[in-house]
Amino acid sequence: MKQRLPLLITLIVGLTLIVQFFSPGLSFIQERFTNWFLVVIVFAFLLGFLSLVKVNITKIKRRSEDWGYSIPLLIALFTMAIIGIGWGIGEGTIFNWLFMNLMVPMSATMFSLLAFFVASAAYRAFRARNLEAAMLLIAATIVMLGRVPISSAGFLSYLKLDAIANWIMTYPNTVGQRAIMIGAALGVVATSLRIILGIERAYMGEE
Amino acid sequence: MNRYRALFLLALLASTPYVFAQVETSPEGGELLAPPSNFIAEDTPLDNGNSISLSWNLSPEDIIGKTDIEGYIIERSTEKETGYQKIAELPAGTTSYTDTEIENKKNYYYKVYSIGKGGIHSEPIYAGPVIASTQWFNPERTNMLVASILLSLFVLYFIFRARKGEKLYIRPIAGLEAVQEAIGRATEMGKPVLYIPGIMDMDDIQTIAGITILGKVARMVAEYDAEILVPCCRSLVMTIARETVKEAYLDAGRPDAFKTDNIRYLTDDQFGYVAAVDGIMLREKPAANFYLGTFYAESLILAETGHSVGAIQIAGTAMPSQLPFFVAACDYTLIGEELFAASAYLSGEPLMLGSLIGQDMGKVIILAFIIVGSVLETFGVDVSSLFLTK
């Protein structure tokens, strides 16, 4: 029973949501399930919060490597929670000020690292070790040059790099992306069927 | 002089009807505005009932920049002549409105009129009766229904054949062949395996695929007596990942080796999560990193940090825009459908493998449609586009 009940619920919910996708009259079912999902998330969030607190308190207690970072983490966690609950989170609140002036710049800083990582990854990817890598290097060079003003300056304008770059992006690139998306869509259908029919149970911890 | 006076009177008399026709008055005595036209009320198509769509053409006086009209009033009644009540006041330039506060299977009448400054308004125009009703099938999704049924039948057919004991061939997938090697390496080096099931929640099919693969990976980790770390970006994912890993350790006969805190929640914030995972990588120096699920801009930051600590890296996602980053920075990448096939592939169970063959058959059918459609379109036959749009 412990195994069958979740599988039965999965089967019923899965089939119901498939049917409602094709039936506008049943669209309210999806809205209801979405609301239930949000309720589940709220309870799960409490578990996440407790996990975060427990892991970091344990780190501080055991003086694990870099345990000092856990102290500002816990201070920030509780400060934001208390300020948010006590004085609200809307425009003009302390919570909003802290979010806009601490959280947003820190996120932007992490995001900006991407530029450096793109350079290092591109350096490795563009080494012409074999035919495919050489083709990637040529295509990438053309697209990069074709997307900047220099491609239409001087003798480079005769090479029509911007037109070739557009062609690469419109045809080979789109074809590749669509092939991946079609394959993925088929994978989604097959995975969903395996889950709905109870063949795939690993997500429940059942082998 | 009398001749001029007579001509003036004649002209005044001749123009009088025209003047009266132009300057009509409202019942309150003010001037009337020009009403909107072509007022249509119809049941909203492809909905679950409970709504009626109204549309009209703008009043001729509703002109951008020099309008005298401030907006339109819509009134509704269940009787044709009486009982109208205002349900909406819309700004000038509006040509449609959806009334969602009605009951199914009931007659409704509507009227709309334009309003201007100082309370002046136009004569109303009417529409109705109209009845809202539920549509039980969306004909615009017929092609999807047919394709889904066909694909499902293929999958079920090959699952059935697998159940009968038929041996099925699955092409080797390099990224999945390397899973065992990666975990073995981590065991030999005495370092942990880092598993990241994407940054989205459990309502994302790629996260579900990532969690199903986690079950298989965690079981191998338990069998090899290695350690697995699963930092999660969502609380619900953490809860399910914990259960999955716990069961995997139980199945491997090593429940004592399971550490609850190794599957931990970090933050819902995308770049906060990246910072935390990068920190874990730099501190713990995992020997094998798995990135299987939905990823966005964080994909390359994670994969490059993993590369810098010398981990063997296996990634998989169905996000076309992130795949190039993983291909560039990881040792193996599962592309699109391979992510969804991974769990079945790793389990080696005939029923699971049968579903993969069915999936491949679906691909063959789609390929055939693409080729036939391209040929027909090239020769000017519009059959394929007809099929795709209806």
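Helices here are DSSP runs of H or I with at least four residues, strands are runs of E with at least two, and both are numbered from the N terminus.

Before going on, a word on the model: it is predicted, so local features need pLDDT of at least 70 and side-chain atom pairs count only at pLDDT 80 or more, while totals for chains, interfaces and linings use all residues. Residues are numbered from 1 along each chain as its sequence is written, chains are lettered from A and ligands numbered from 1 in the order in which they are written, and side-chain values use heavy atoms, with hydrogens and water left out.

**Chain B**

Helix H9 (residues 337-347) of chain B is largely enclosed by the rest of the structure, because 10 of its 11 residues are buried. Buried means under 20% relative accessible area, exposed means over 50%, and partly exposed lies in between (1.4 Å probe, protein chains only). Among the buried residues of H9(B) are Phe340(B), Tyr345(B) and Leu346(B). In chain B as a whole, buried residues make up 48% of the 390 residues, and the secondary structure comes to 11 helices and 13 strands.

On the surface, Leu367(B), Ile371(B), Val375(B), Phe379(B), Val381(B) and Val383(B) form a nonpolar patch with about 580 Å² of accessible area together. Such a patch joins nonpolar side chains (Val, Leu, Ile, Met, Phe, Trp, Tyr) within 5 Å, from residues with over 30% relative accessible area and no salt bridge. Areas come from the Shrake-Rupley method with a 1.4 Å probe. Helix H10 (residues 350-378) of chain B gives the largest share, 3 residues. Phe379(B) sits in the loop between H10 and helix H11 (383-389), and counts as exposed because its relative accessibility is 69%.

**Where the chains meet**

Chain B and chain A bury about 5,600 Å² between them, 71% of it on carbon and sulfur atoms; this is the accessible area (1.4 Å probe) lost on being put together, summed over both. The contact (heavy atoms within 4.5 Å) takes 74 residues from chain B and 59 residues from chain A. Between them there are 4 salt bridges, each a side-chain nitrogen of Lys or Arg within 4 Å of a carboxyl oxygen of Asp or Glu. Asp261(B) and Lys54(A) meet in a salt bridge at 3.4 Å, N to O.

**Chain A**

| Span | Helix | Strand | End C-alpha distance |
|---|---|---|---|
| Residues 35-55 of chain A | 100% helix | 0% strand | 30 Å |
| Residues 179-197 of chain A | 95% helix | 0% strand | 27 Å |

Methods. Patches are made of residues with over 30% relative accessible area and no salt bridge: like charges are joined within 9 Å, nonpolar side chains (Val, Leu, Ile, Met, Phe, Trp, Tyr) within 5 Å. Buried area is the accessible area (1.4 Å probe) that two parts lose on being put together, summed over both.
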